[in-house]
Amino acid sequence: MKKFLSVLLLAASASIFVVQAKAQVIVIANPSVKASEVSKNDLKDVFTGASTSLGGANVVPILLKAGTAHEEFLQAYIGKNDTAYRAGWRSLVFSGQGTMPKSLDTDSAVVEFVAHNAGAVGYIGRATLHEGVKVLTIK
Amino acid sequence: MYSKRIASGIIAAFIISAGLHAQEFKIGKYEVQAHGFGTQGYIKTNDNNWLTMQTSGSGSGVFTDAGFNLSSQFTNKFRVAAQVYSRKLGALGDWHPQLDWGIADYKVKPWLGFRGGKVKTVLGLYNDVQDLDFANTYALLPQSVYPIDMRDAMIAHEGGDIYGRAKLPRNLGAIAYDAYGGRRSDSMSSGYPYELKSSIAAYLTHYGGPVYGGDLRWNTPVKNLKLGMSRQNEQITAAGTYQGAPYAESSRHDWTNQYYGQYTANRWHAESEYKRYYRDQIVMSGTPAAFDVDQDIRGWYVGGGFTVNKWLEGGSYFSHYRDFFGGTLAGIITYADAATKDLAKVVTAKFTLNRFTTVKVEGHFMDGAPNEFYPAGFYAAENPQGLAPTTNAFVVRTGLSF
């Protein structure tokens, strides 16, 4: 019984951790992007190259090279692992239908780039300072 | 001997990939991206030689291709890019580097874009991405719909496309369209010129002509379900020599229809396509042997895959090819309903070693070996003893991309 309760407690802790982890990534945009709220599908379309607009305006996705926020973003909004995700982009590149989005090393580099480039949309860890950008609400 | 080469190839690919990264540099104020890919394959068959390779006996590793591209996004709307491609597949390809595609692309709105130059032809799910080994589950796509020996025939056109994507009202999903017109110009080291050369000693110097068509795909309200259809019309002319005299071919009525659907769910994907190529041409025109080819080639497949973990994906497809061939020589029907067929059952395992490297191991179990005046994988030149009714093939393919 004790063993069972321990396992249950461990599972509950793990699920709380997962819920908290999912909440750790936020989507940011340059203030020129009119939309403040976007659907999960629209966000996925932009970050997989299927679409280049949010709320009728042209946008440019900015990626993180790796890290927790990157993995969480892919899991929560794209539904692919990093290898499959980048393979999708390379398919567009090698068939002449797209250019690979810029990948930056750190969350703060993403904030810096998004803040200074019209139409840029990126994602960062919630704890990162994000002055000069707007946070998009994902429906 | 080949097993050592395969192992060495995989190890080399893994080591090389560790140092691979897409390169970015600047020309003036514009950033330029450089990307590349390459694959090395090996095929061993139990009987018939396949895809112009000597695959029976100890097998063949003459199955290599590579591509390299540069692209620059000048503005949010305007992009220029080009790719060079080279391959060697048995007797095909001969390592002749060719401009795979080279485009200028202007996207006015999400629902309206223009692309001009040499453009990859969108036809079905995979025509424009068939070379991208890393993106596909299978080492060889279903040959009934995407014959690798005939890759050059439909891969690209010189001309222009109008394309776009729009959301439909009332949550009906989204549609993407692509309409194009231009010219097709086949490589002389591709499947059909080789078939003519090796079977009747006709040597082509030109094969191609105007093409136009389109693709319409619907991302349905059912999450992750895609349906689509493609159409291509063409007006082919061919020129060359046959027994010292001029040889020519010309289309009377040539078209291709392709219908497809794909569903993805978490780790699963399933897809199916049906392709019908109708070929009505005057062959060997201008000679006493001129005849009217009336050919109806139909292929379809059903396939799918399951991602076990980030290293491993399993997949399988069932593929069917049938060629209804008819013809008239001096008004007399010489071939009527000479149908040939090929059923293929395929199982594959795809190993993703890292972000840049994949290795695929695949088994093909084919019933039928079509060889009826149009290439379908099995060529008389490599099978002078005649064709056995069934063929089993073991395929290994390693791919690198960055």
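Two strands pair if DSSP finds at least two bridges between them, and strands (E, at least two residues), like helices (H or I, at least four), are DSSP runs numbered from the N terminus. The model here is predicted, so to speak of local features takes pLDDT of at least 70 and side-chain atom pairs count only at pLDDT 80 or more, while totals for chains, interfaces and linings use all residues. Residues are numbered from 1 along each chain as its sequence is written, with chains lettered from A and ligands numbered from 1 in the order in which they are written.

**Exercise 1.** Trace the pairing of strand E8 of chain B.

*Solution.* Start with E7(B) (residues 156–167), which pairs with E8(B) (residues 174–185) in the antiparallel sense over 10 bridges. Within this pair, B:Ile162 stands opposite B:Ala179. Next, look at the turn: six residues lie between the two strands of this hairpin, and B:Arg170 there has a positive phi of about 55°. Then move on to E9(B) (residues 202–219), which runs antiparallel to E8(B) and is joined to it by 12 bridges. Here B:Ser185 has B:Gly208 as its bridge partner.

**Exercise 2.** Describe the side of chain A that touches chain B.

*Solution.* Begin with the count: 20 residues of chain A are in contact (C-beta atoms, placed from the backbone, within 7 Å) with 28 residues of chain B. Helix H4 of chain A (residues 82–94) gives the most to this side, with eight residues. Finally, sort by class: six residues are nonpolar, 11 polar and three charged. Nonpolar covers Ala, Val, Leu, Ile, Met, Phe, Trp, Tyr, Cys and Pro; charged covers Asp, Glu, Lys and Arg; the others, Gly among them, are polar.

Notes. Two residues are in contact if their C-beta atoms, placed from the backbone, lie within 7 Å.
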